[in-house]
Amino acid sequence: MATKEGHIASAFSILDILWVLYSDVIGVNPQNFRSDDRDYFILSKGHGSLALYAVLAERGFFPPSELERFSTFQSKFGGHPDCNKVPGVEASTGSLGHGLPLAVGVALGMRIREINRRVYVLVGDAECNEGSIWESALLAAHHKLANLTCIVDHNHSTDRALGLGNLAGKWEAFGWAATTVDGHDHRQIRDALKQSSPDRPMVIVAETIKGFGCKQMENNPAWHHRSPTREELPLILEELA
Amino acid sequence: MVLLGDISVFGFRNAFQLHPKRIYNIGICEQAMTSMGAGLAKTGLIPVLHSIAPFVVERCFEQIKVDFCYQKLPGNIVSVGASYDYAALGCTHHCPGDVAVLRTLPGMEIVVPGTPGEFDRLFRAAYANPHPTYFRLSERSNPQTHEVEFGRANILKQGKKATVIAVGPVLPAVLAAVQDLDVTILYYTTVAPFDGDTLKQNNQGGKIVLVEPFYAGTLVADIHEALGTASAAIETIGVPHRFLTDYGHAEEHDEAIGLTPAGIRKRITDFVGRS
């Protein structure tokens, strides 16, 4: 990497979810992603951009080599994703609490236009501190947006500030169909992503570990926004291999 | 697609009957409503978001910035209430700062009509274009509808001593104030993009008076940019930069801050009389 930027631990907590979503579930690919007839994925927690870029590259939206310039001056790939630069990115996110209401609009728009497709959106648990998330939760349930699946990356990153208590119970109380999975178990993730309710939006609370796969990063706040040093990098790559 | 923030719902009762899939009373959640409008735009629908100005602009400023302007999505925000139409409700319901904040957003279009007829013309011209567009409506209306054109100022009168810019609702007071003065009157109903050409071609006196229905001086940077290397002295008349904590009626506020024919005339004659 040519930069010292990036929320690596936040990306590792959602990498399994995105991998399963793009490998086995979502109906979007480099050929159809400009057409109306596609599924949408919106990364509401934009600071997980590294995971999204890696999965999109793997699915052929752009060559993986382009990612080496991540966050450098004229790179297409920033610390938060830009939908006007990166093929496959549906929304420019980064400020929390925007992606879910935007996804609610896409889901409603699809229903009005009679496009029988699905919208997936991933929010962070800390993002659930934002009021606009709960405005959107009310709206999606009220309008019975059964074509919407929201995944909550429950990595407990904000428990130190504002705890969320019974998170799945909160979404259920707002009128959503809720399920909880181990966010690093591919089979559980796949099964949940393929579920839907006939008349309710679907939420998947994914229990995840921030920095999953790398022992020194796991649940270590020091890694929220930093890059490995020259000395750390080979050890981390060996652990991930 | 019309999304209402639980404002003006009764006025749209016929639309709810005729087009139930194209109009929604979203409720009192303006932030989500704004982002949701952007999501509708992503699917190819043209959203029109409506509430009173402080709630649909200032409360949702970041949603407008990120979800419409940065994403480059089209859409329309139509406010009502202007600077202090709801005077009796107090400062929470005033919005003299809407245009000032929105003009910081790259790509944002801002329209300030003076009458329902002008709004009709301007809305039809701009609502389906690729940019987010803000329409600032008022409970009050000017007596006469002009043949306005989106993005262009109207030249209502030509004179030599100064150029007076009247924005939307202040036009009747400006016309009454300067009718016998030797000044040019330019009527602006689109303020972003700002029609700099018309101003530059009508700056004979080197003195410009900017009369605005929102915070005084909001458009000064646009005037500077339009003039380029040409020079002019600029006087600004509008809403003063403080909270207007009195109640009553909008006309009483006009009177108190000098946004009346007499108040504007005095400011202009003093300014033009100065060498």
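Two residues are in contact when their C-beta atoms, placed from the backbone, lie within 7 Å. This briefing applies that criterion to a predicted model, in which local features need pLDDT of at least 70, side-chain atom pairs count only at pLDDT 80 or more, and totals for chains, interfaces and linings use all residues. Residues are numbered from 1 along each chain as its sequence is written, while chains are lettered from A and ligands numbered from 1 in the order in which they are written. Helices (H or I, at least four residues) and strands (E, at least two) are DSSP runs, numbered from the N terminus.

**Ile112(A)**

- Ile112(A) belongs to helix α3 of chain A; neighbours within four places in sequence set aside, its contacts are Lys21(B) and Leu45(B).
- Ile112(A) counts as partly exposed because it has 16 C-beta neighbours inside 10 Å; a residue is buried with 20 or more other C-beta atoms within 10 Å of its own, exposed with 12 or fewer, and partly exposed in between, the C-beta atoms being placed from the backbone.
- A distance of 40 Å separates the C-alpha atoms of Ile112(A) and His224(A), which lie 112 residues apart along the chain.

**Interface of chains A and B**

- Contacts between the chains involve 22 residues of chain A and 22 residues of chain B.
- On the side of chain A that touches chain B, α3 and α4 of chain A each supply at least two residues, and α3(A) gives the most, with ten residues.
- By class, that side of chain A comprises eleven nonpolar, eight polar and three charged residues; Ala, Val, Leu, Ile, Met, Phe, Trp, Tyr, Cys and Pro count as nonpolar, Asp, Glu, Lys and Arg as charged, and the others, Gly among them, as polar.

**Helix α4 of chain A**

- Helix α4(A), residues 131–142, has twelve residues and reaches 17 Å from its first C-alpha to its last, close to the expected 16 Å (1.5 Å times one less than its number of residues).
- Its buried residues include Ser132(A), Ile133(A), Glu135(A) and Leu139(A).
- The buried residues of α4(A) pack against α3 (99–112), β2 (119–124), β3 (148–154) and α5 (167–173) of chain A, together with α2 (30–42) of chain B.
- Just after α4(A), Lys144(A) adopts a positive phi of about 50 degrees.

**Contact of α1 with α2 in chain A**

- In α1(A), Ile8(A), Ala11(A), Ile14(A), Leu15(A), Leu18(A), Trp19(A) and Tyr22(A) meet Leu50(A), Ala51(A), Leu52(A) and Val55(A) in α2(A).
- The residues of this contact divide into eleven nonpolar, no polar and no charged.
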